[in-house]
Amino acid sequence: MKKYRREILLIALCALACVLLVLFEYVFTFSQDAATNGLIKETLSRLLVFAALVPAAVLCGYKRVLSPRVKGCALLWCLPCLFVALANFPFSALITGEARVERFELLWLFTLDCIAIGLLEELLFRGILQPLFLDLLRKKSVILAVIACSAAFGAWHFVNLLGGAGIGVTLMQVGYSFLIGAMLSAVYLRTGNIWTGVFLHAVFDFGGLLVERLGTGAFQDTVFWVLTAVFGALCFAHVLFYLIKLDKKKKENGPREEERDSSAGSE
């Protein structure tokens, strides 16, 4: 138990943060307007939990994930991921009139909410849980660690059932959240911090939730699904190639690291 004290502490903090998030979202009322009230509650609750997790991440040795420095080559690597996020926008439906945005006065609050979602979920899943899984599975596989983190991220979306979401819609969200989570985990591994992931996460949610939260109509038309399928497939291949490369590099360096550890021990 002492050996995994840090891991147990991190899991407990993450569980507590999730509980606080759910309680805060379903207890307080800030406005009589349902849309305004919902956005305020979600934004404040997520920012509150994010603020609580920042010192926890620092104290537990994950300060590096909060560094804003990212190399230009790493940002270029993330371009296919950006295309996936942009493909989630309802461009075609808005142009044809099949969907429309009606609550423009809430656009700033909606944008802040999307940023808050990105901040909280990227710090929680990519900033804390991803390094944790990498530590626990360091002798096995980077891909396995990404799968574990992505599964946790997907399962987290079962919380939407508490808000009245249907089981079918929720299961679909859990499925694509797993895939998006894997993409964001790869972004974290490539950049070394959460900030690029926060941006991509916020852009993805902004496009996907814009009509649902601030408008009316069906936005997932043929053009939407074609763009999602094309860019999703390209990004999947891009990410998978990168993760396989990481695993291969890990296996090549493994014996050398063991030899160094053995030499250090004999000295």
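The charged end of Arg126 sits over the ring of Phe153, at 4.4 Å from the ring centre; for this label, NZ of Lys or CZ of Arg must be within 6 Å of the ring centre and within 35 degrees of the ring normal. The model is a predicted one, in which local features need pLDDT of at least 70 and side-chain atom pairs count only at pLDDT 80 or more, while totals for chains, interfaces and linings use all residues. Residues are numbered from 1 along each chain as its sequence is written, and side-chain values use heavy atoms, with hydrogens and water left out.

The protein contains 10 helices and 2 strands, taken as DSSP runs (H or I, at least four residues, for helices; E, at least two, for strands) and numbered from the N terminus. Their order from the N terminus is α-α-α-α-α-β-α-α-α-α-β-α. Among contacts (heavy atoms within 4.5 Å) with a separation of 6 or more, 81% are between residues 24 or more positions apart.

The exposed surface comes to about 14,600 Å², with 68% of it supplied by carbon and sulfur atoms; these areas come from the Shrake-Rupley method with a 1.4 Å probe, and for residues only the protein chains shown count as cover. Of the 267 residues, 44% count as buried. Buried means under 20% relative accessible area, exposed means over 50%, and partly exposed lies in between (1.4 Å probe, protein chains only).

Gln130, in helix α6 (residues 107-136), has a relative accessible area of 0% and is therefore buried. Apart from neighbours within four places in sequence, Gln130 contacts Phe125, Ala145, Val146, Cys149, Ser185 and Tyr188.

Aromatic pairs number 10 in the structure. Rings of Phe, Tyr and Trp (its six-membered ring) pair if their centres lie within 6.5 Å; planes under 30 degrees apart count as stacked, over 60 as edge-to-face and the rest as tilted. Phe83 and Phe231 form a tilted pair, 5.6 Å centre to centre with 40° between the planes. Because Phe83 is in helix α4 (residues 79-87) and Phe231 in helix α10 (residues 222-266), this pair ties together parts 148 residues apart in sequence. Phe83 is partly exposed at 37% relative accessibility, and Phe231 is partly exposed at 27%.

The pair of Tyr176 and Phe204 is also tilted, since the ring centres are 6.4 Å apart and the planes at 55°. Tyr176 belongs to helix α8 (residues 167-191) and Phe204 to helix α9 (residues 195-214), so the pair links parts 28 residues apart in sequence. Tyr176 is partly exposed at 37%, whereas Phe204 is buried at 14%. Elsewhere, ring pairs join Phe89, Phe91, Phe110 and Phe206 into a cluster.
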